[in-house]
Amino acid sequence: MDATIHELLDLIVRWVHVIAGIMWIGNSLLFNWLDRNLRPLDEPKEGVQGKIWLLHSGAFYEVEKKLLPPGMPYPEKVHWFMFQNLTTWVSGITLLIVVYYMGGAAYMVDPSVADISAGLAIAIGVCALVFGWLVYDFLWRSPLSKQNPQLAAAISFILLIAVTYGLAQVLGGRAAYIHVGALLGTLMTANVWFYV
């Protein structure tokens, strides 16, 4: 690929990734803030956890947090905040490919860490993402996660440390830690899209 096109692609995808990430994190912070600031209703209603009035652009918004009863279908029109997550993940994976996998994987291999080929380094990075998700998903679908979620969380943390250590033994430092971040982003995105 032409160096100018490669650099332009890197620049565009990087900015999409940054902006989508800001939107995704901003939404998460907004909903955390909402949860902390909800007010109880004067006249309690079943399933309603609270409400709040917001002011923006000269108009008032009345926001009410509800839990739907089991078996009740979703309302006809629901605004999902899933696409900021998807855009962040897709642009992040694209950036991983553009910066780390293309161009001979120069950032992937560090001969002082491990004497491996670029192809093997890329395969290790991709396998870490795919198998990381499969192991995580298996763990959190298992009966253990229902019976003892604290133990499942501890196992998840230990596995994350093990993956971080393992990648740092075979990939260049920057590539190892970028792949750990990509793995965490993959886990979060898969949770959003597979377990709505």
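A: Residues 151–170 are 100% helix and 0% strand, and their end C-alpha atoms lie 29 Å apart. Here helices are DSSP runs (H or I) of at least four residues and strands are DSSP runs (E) of at least two, numbered from the N terminus. This is a predicted model, in which local features need pLDDT of at least 70 and side-chain atom pairs count only at pLDDT 80 or more, while totals for chains, interfaces and linings use all residues. Residues are numbered from 1 along each chain as its sequence is written, and side-chain values use heavy atoms, with hydrogens and water left out.

UniProt, in an unreviewed entry, lists this stretch as a "transmembrane region", along with 12–34, 86–108, 120–139 and 176–195. Its positions are given in the numbering used here, its feature names are shortened, and such annotations may be inferred rather than shown by experiment. Residues 12–34 are likewise 100% helix and 0% strand, with 33 Å between their end C-alpha atoms. The record also has an unreviewed "domain: Urate oxidase N-terminal" annotation that covers residues 4–195. That span is 66% helix and 9% strand, and its end C-alpha atoms are 40 Å apart.

Now follow the packing. Helix H5 (149–170) is among the elements that cover the buried residues of H6, as are H2 and H3. H6 has 22 residues and spans 31 Å from first C-alpha to last, close to the 32 Å expected at 1.5 Å a residue; the expected span is 1.5 Å times one less than the number of residues. Its buried residues include Ala176, His179, Val180, Leu183 and Leu187. Buried means under 20% relative accessible area, exposed over 50%, and partly exposed in between, using a 1.4 Å probe and protein chains only.

H2 is the next stop. This helix has 19 residues and reaches 25 Å from its first C-alpha to its last, close to the expected 27 Å. Leu96 and Tyr100 are among its buried residues, as are Thr88, Ile93 and Val99, and the buried residues of H2 pack against H1, H3 and H6. From the H1 side, His6 is found in that helix and touches Met1, Val98 and Met102, leaving out residues up to four places away in sequence. His6 is buried, at 18% relative accessible area. Just after H2, Gly103 takes a positive phi of about 70 degrees.

Finally, look at the rings. The structure holds six aromatic pairs; rings of Phe, Tyr and Trp (its six-membered ring) pair if their centres lie within 6.5 Å, with planes under 30 degrees apart counted as stacked, over 60 as edge-to-face and the rest as tilted. Phe31 and Phe81 are edge-to-face, 5.0 Å centre to centre with 70 degrees between the planes. Phe31 lies in helix H1 (residues 3–37) and Phe81 in the loop between strand S2 (59–66) and H2, so this pair ties together parts 50 residues apart in sequence. Phe31 is partly exposed at 37%, and Phe81 is partly exposed at 33%. Tyr136 and Trp140 have ring centres 6.5 Å apart and planes at 45 degrees, so their pair is tilted. Both of these residues lie in helix H3, four residues apart, about one turn of the helix. Trp133, Tyr136, Trp140 and Phe194 form one aromatic cluster. Trp140 is partly exposed, with a relative accessible area of 27%. Lys146, in helix H4 (residues 143–147), is in contact with Trp140 and Arg141 when neighbours within four places are left aside.

Note on methods. Contact means heavy atoms within 4.5 Å.
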